[in-house]
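Here's a report on one protein chain, written for someone just getting started with structures. Take a look at the model first, and then we'll walk through it piece by piece.

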Amino acid sequence: MHNLLAFLSKYYHWLIFLLLEVVSGVMLFKYNSYQGSAWTSSANAVAGKVYEWQSGIEHFFSLSKSSEQLTQRNLFLEEEVLQLRRSLAKATADSSWFQKHETAHLSKYSLIPAKVVNNSIHKKDNLITIDKGSADGVKTDMGVACGNGLVGVVYLTSEHYSVVIPVLNHLSHISVTIRNRGYFGYLTWDGGSPVVAYVEDIPRHAQFKKGDWIETSGYSNIFPAGISVGKIVDIKDSDDGLSYRLKLNLSTDFSCLRDVCVITEQGFAERMQLHEAAVDSMKSRQ
């Protein structure tokens, strides 16, 4: 206590000076719009860099686990593709059928690799920040996926960063379908576990079972069909009893999400313009 009082007595003028500096800074940036805007822009840029450095350090120490997961996933996908090629060659009597149609389908899309620099999974409205922005070709409403499946939709972009609304956000409503069954609904999250989501509005006459996979339907302007979403673990009636509500275990582990891809389609801009024109036209008639 004696040392503390001696310290305060010796340096009290410096402490008062620092206190007045803080007070003057708060008043300057809070009550002046230009200085406040400059402070916000600078703070966002610094925060983005800090998030990027933090993510880089965490990413370095998680590379081993990610590499192991990707290796297992690649082996599974290669085996699945091989089985599908054999089945198609047998059904069509043409061994090159798969290659020709696969090339035509994939030529419509391109991927922008990005790294997650900020992420949350335990909030009601989680958001993800990635290190690619408008300067890299990322635009609002583009889809985002990773090696294990669906991630979310781009919400905002700056020059070098973008904010993504992931599946773990109550605003997320993505069109999905039951693999090889054809029935579709929309994906929601109720704010609980970060590994569980729900599919709403599956019709009562639909035929499926626990263990079936859910994937993107391709009906939206954002995602191509066939991106894995999760596996059905429970089936219940909806609140009004007119449809099924499916409980899923998500294929994407958002707690260790690092590498993602923004999906761009060649006709994306044209489709979005047409969609917005249709929405504006309907509003004008109301």
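Let's start with Asp 141, which sits in the loop between strand 2 (128-130) and strand 3 (143-146). Keep in mind that this is a predicted model. The phi angle of Asp 141 is near 75°, a positive value in a residue other than glycine. That's worth a second look, because most residues other than glycine have a negative phi. Asp 141 counts as partly exposed, at 29% relative accessibility.

Asp 201 is another residue to check: its phi is near 70°, again positive and again not a glycine. Asp 201 is found in strand 8 (residues 196-203). With a relative accessible area of 45%, Asp 201 is partly exposed.

**Pairs of opposite charge**

Side chains of opposite charge can pair when their charged atoms come close. How many salt bridges does the model have? The count comes to seven. Three of them are set out here:

| Salt bridge | N to O distance | Relative accessible area |
|---|---|---|
| Asp 259 and Lys 115 | 2.6 Å | Asp 259 37%, Lys 115 35% |
| Lys 132 and Asp 131 | 3.8 Å | Lys 132 22%, Asp 131 19% |
| Arg 204 and Asp 237 | 2.4 Å | Arg 204 36%, Asp 237 45% |

Take the pair Asp 259 and Lys 115, whose side chains meet in a salt bridge. Asp 259 lies in strand 12 and Lys 115 in strand 1 (residues 109-119), so the pair ties together parts that are 144 residues apart in sequence.

Then there's Lys 132 with Asp 131. Asp 131 counts as buried at 19% relative accessibility, because the cut-off for buried is under 20%.

**Contacts between parts of the chain**

Is Arg 258 buried or exposed? It's buried, with a relative accessible area of 16%. Arg 258 lies in the loop between strand 11 (243-250) and strand 12 (259-265). Leaving out residues up to four places away in sequence, Arg 258 touches Ser 55, Glu 58, His 59, Ser 62, Ala 114, Lys 115 and Val 116.

Over in helix 2 (residues 33-61) you'll find Glu 52, which is partly exposed at 27% relative accessibility. Glu 52 and Thr 129 are 77 residues apart along the chain, yet their C-alpha atoms are separated by 9.5 Å. Not counting residues up to four places away in sequence, Glu 52 touches Val 117 and Tyr 161.

**Nonpolar side chains, inside and out**

In soluble globular proteins, nonpolar side chains tend to be buried together. The largest nonpolar core here has 42 residues, and Leu 187, Ile 214, Leu 246, Phe 254 and Val 260 have the most contacts inside it. Beyond its neighbours within four places in sequence, Ile 214 is in contact with residues including Val 176, Ile 178, Val 199, Ile 227 and Leu 248.

Leu 15 is in helix 1 (residues 2-30), and at 38% relative accessibility it counts as partly exposed.

Conventions. Residues are numbered from 1 along each chain as its sequence is written. This is a predicted model: local features need pLDDT of at least 70, side-chain atom pairs count only at pLDDT 80 or more; totals for chains, interfaces and linings use all residues. Side-chain values use heavy atoms; hydrogens and water are left out. A nonpolar core is a set of buried Ala, Val, Leu, Ile, Met, Phe, Trp, Tyr and Cys residues joined through side-chain atoms within 4.5 Å. Buried means under 20% relative accessible area, exposed over 50%, partly exposed in between (1.4 Å probe, protein chains only). Contact means heavy atoms within 4.5 Å. Helices (H or I, at least four residues) and strands (E, at least two) are DSSP runs, numbered from the N terminus. A salt bridge is a side-chain nitrogen of Lys or Arg within 4 Å of a carboxyl oxygen of Asp or Glu.
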